[in-house]
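Visitor: I have a structure to go through with you. Could we take a few questions in turn?

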Amino acid sequence: MPTANPEPLWRPDPQRTAEAQITAFQTWAAEHHGAPSGGGYAALHRWSVDELETFWKAVTQWFDVRFSTPYTRVLGTRAMPGAAWFPGGTLNYAEHALRAAATRPDEPALLYVDEIHEPSPVTWAELRRQVGSLAAELRALGVRPGDRVSGYLPNIPQAVVAFLATAAVGGVWTSCAPDFGARSVLDRFQQVEPVVLFAVDGYRYGGKEHDRRAVVAELRAELPTLRAVVHIPLLGAEAPEGALDWSALTAADEEPVFEQVPFDHPLWVLYSSGTTGLPKAIVQSQGGILVEHLKQLGLHCDLGPEDRFFWYTSTGWMMWNFLVSGLLTGTTIVLYDGSPGHPDTGAQWRVAERTGATLYGTSAAYVMACRKADVHPSRDFDLSRIRCVATTGSPLPPDGFRWLHDEVRDDLWIASVSGGTDVCSCFAGAVPTLPVYIGELQAPGLGTDLQAWDPDGRPVIDEVGELVVTNPMPSMPVRFWNDPDGSRYHDSYFDTYPGVWRHGDWITVTSRGSVVIHGRSDSTLNRQGVRMGSADIYEVVERLPEIKESLVIGIEQPDGGYWMPLFVHLAPGAVLDEALLDRIKRAIREQLSPRHVPDEVIEVPGVPHTLTGKRIEVPVKRLLQGTPLEKAVNPGSIDDLGLLHFYEDLARKRS
């Protein structure tokens, strides 16, 4: 990584910097808490990790976090795992999420959009009323603090209402998108034993209706802890026998009652992609998510009451939870339920235009798909309200930065962010007052002591290392469900560097403070001692118009050798002939490294992903090493299990 400063793609103008919430926060924190008044973001970040307790106290004060019972101190213990945040304090997440109803009752809290792309608003007053009605009904059903409430729901307003009502009564929310099959849902919900299930009769995607009544019936049969099932007739079907009707439960004009719970009381259970064994059931707390998301959305994303926040997501991905937390900053959130590319590849830009989105979040894969499909957002849509386009899911390639800059607006703030389900937040990403460099995340987040470490546990700058976090974050898991001794939680993050969170990504922290993500460290390509992330390969290979998608694996051989195949899924009409092979290898040799030219380039019928869209490199690596399919991967976590048989057959032939 060169240490010389290249020219940034974008710099915030002085007015934007002056008006950013993070600028006001730094001035206020300097006056009230001893934060540095000068030195910009770098100085503020240093203070936030050096004075961790003071920083998080300042966050709660700045955002007026309301503790019904005061906390005794900010951090009871700093140990990881096991950090105890704001012990003694009680509060309620949903109470904070609905605060704007008091001052802006008739403004939209939610804008719901389906594949017709016409926004339908839900006001703050109406959202609060529905939450109050449903929370009272949940209590009447016997739902008590700590009980699990599950949703088999698309990204619709009812999902937000059900989640907030669950949080209001102190229940623990957990959800899956309705494109998940029954086995995949049961692998998740059976672990947490929900007492209520909210479910749709089906959903619409890609212009088609998908009936899910049979799946819901199977869920009811296989979840014996259910006391109630609530039917949401998205496709108009009658409620099945014994199910409660959504409209009846949300009809009352009821003021919500917010259960005051300890800071570390569970808010929701999220699931890792769980490529082997059952998915990890990750428990995060009401208070931890509240303060972490206020920091991320209010300071880093610079969201407030005038904003409209659209992120393309489903209820099965942590970004849905992150999106809903936009309510905490009084922001109108945009819920899009439908295909990202229907009726055409420009669909998400059309939603952003019609909802007046000011921050639009999507996947790096969608940006690159738009580039390949020759979409021209600024030519075809009015995107004048968008201040920031954010991407996550995988590293945004340099070409993606350039395309957004050229095709959306040259004064666009591009925020590539990276974090994980594990913390339901970002380790690094958006900072409204910093420049954007091509291919780089702007900086680590406030309060997050993000570092790159070598194998000996030494921090490195301008070199590739393991992504570690050396101090606790409030949104780190309280625990995993069904992990009584904490061993699975410990082994997931703390077995490499005791007491330090190791996330499993290769990163570079640059000498100017930005961050580059190189891909998963457990599927890193290590040839002759030179390490490279798979994302670097994909970025180069997928620039070629003939390559729809690719997957690269590095396998250590028993004889000490190293086999590195590149699997390519070709675009329609493309042929993997000698000319294309030569262009692939030449691109990698010239743009990356001669050492990382693949040993073989193999055409495949498709690249398998997790249900949240990530390429599954490690399970494919295990298959190619001879691990049986049932042990290499959890079948319920894969989008197209049939694709894995190709890799299984290849392993058989090679052996």
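Visitor: Which residue of strand 27 is the bridge partner of Glu-466?
Guide: The model is a predicted one. In it, strand 25 covers residues 464-469 and runs antiparallel to strand 27, residues 501-509, with five bridges joining the two. For Glu-466, the bridge partner in strand 27 is Trp-506.

Visitor: Which strands stand at the edges of the open sheet of four strands, and why is one side of each left without a neighbour?
Guide: The sheet has antiparallel pairing and the order 24-25-27-28. A strand with a single partner strand has one side left without a neighbour in the sheet, so the edges are strand 24 (450-453) and strand 28 (515-520).

Visitor: How does the radius of gyration of the protein stand against the globule rule?
Guide: The protein has 22 helices and 35 strands. For 655 residues the globule rule gives 26 Å, and the protein comes close to this, so it is as compact as a globular protein of that length; its radius of gyration is 24 Å.

Visitor: What percentage of the residues in the protein is buried?
Guide: Buried here means under 20% relative accessible area. Of the 655 residues, the buried ones make up 61%.

Conventions: Residues numbered from 1 in each chain as written. Predicted model: local features only at pLDDT ≥ 70, side-chain atom pairs only at ≥ 80, totals over all residues. Heavy atoms only, no water. Pairing = 2+ DSSP bridges. Rg over C-alpha atoms; globule rule 2.2 N^0.38 Å. Buried < 20%, exposed > 50% of the residue type's maximum accessible area, 1.4 Å probe, protein only.
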